[in-house]
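Look at the fold shown here. A few questions and answers follow.

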Amino acid sequence: MIAVTGAGGPLGLAVARRLLERLPPQQLAFLTRVPDRILGLTRGGAAARLADFDRPDVLEAAFSGVERLLLVPTSDLRPGARRRQHEAALRAAVKAGVGHVVYASAVGARLGPAALEDHLRTELGLLTSPLKWTVLRLNRRAEDLLGPLALAVRAGVYEAPATAPVAFIALEDAAAAAAAVLAGPGHEGRTHFFCGPRAVT
């Protein structure tokens with residue numbers, strides 16, 4: 001079975017839809033804090049499971065029977081929260097006997113900025129675990145500009161991200177890549193980088 005965490009969020013939902021196009025639904029489980037919100041994904045036999053990274057007691061059950069797991073980063077940016085949540089997820093994956101974890105990391109994962117350091121720490125935790133692994137280092141999604149651009153129109157000023165220039169990617173491209181890695185062989189022990197064709201300011 002292939003499972004996707006964060007299936008109620010943009011990336012997890014997009015990956016879930018791509019997997020439903022590629023694989024029998026009975027081979028898929030979609031994990032989220034609120035399973036009732038993703039029941040539309042379960043038509044045909046896919047499972048919707050409760051998975052809350054702040055509740056380690058439910059994670060092992062959520063990962064039961066999973067051979068390949070896409071770990072989508074949580075959106076909790078409180079200091080130390082996401083790192084703690086990801087560590088709990090990796091421990092639960094080991095206990096549940098998950099065979100292979102694919103982590104949706106970020107281009108530029110490194111020590112320093114909290115969000116990027118969280119990604120690096122999660123990568124290191126995965127690499128030093130007994131789990132088989134693949135890391136997807138995704139660049140920033142172009143769709144994430146929509147909110148700041150709306151503010152820029154009102155303010156008359158657009159403030160570029162600190163990491164500019166950025167080779168933005170599209171959400172659907174990121175989802176297609178993640179689904180291909182999850183559904184296909186040959187990615188164990190590899191880090192894939194996903195960037196747009198040109199870095200822009």
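Buried means under 20% relative accessible area, exposed over 50%, and partly exposed in between, with a 1.4 Å probe and protein chains only. This is a predicted model, in which local features need pLDDT of at least 70, side-chain atom pairs count only at pLDDT 80 or more, and totals for chains, interfaces and linings use all residues. Residues are numbered from 1 along each chain as its sequence is written, and side-chain values use heavy atoms, with hydrogens and water left out.

Q: How many of the 10 residues of helix 5 are buried?
A: Helices (H or I, at least four residues) and strands (E, at least two) are DSSP runs, numbered from the N terminus. Helix 5 covers residues 146-155 and lies largely in the open, because the number of its residues that are buried is one.

Q: Which residue follows helix 5?
A: The residue after helix 5 has a positive phi, near 85°. This residue is Gly156.

Q: In what order do the elements of the protein run?
A: The protein has six helices and seven strands. From the N terminus on, their order is β-α-β-β-α-β-α-β-α-β-α-α-β.

Q: What share of the residues of the protein count as buried?
A: The protein has 201 residues. Of these, the share that count as buried is 45%.

Q: What share of the contacts with a separation of 6 or more comes from residues 24 or more positions apart?
A: A contact means heavy atoms within 4.5 Å. Among contacts in the protein with a separation of 6 or more, residues 24 or more positions apart account for 67%.
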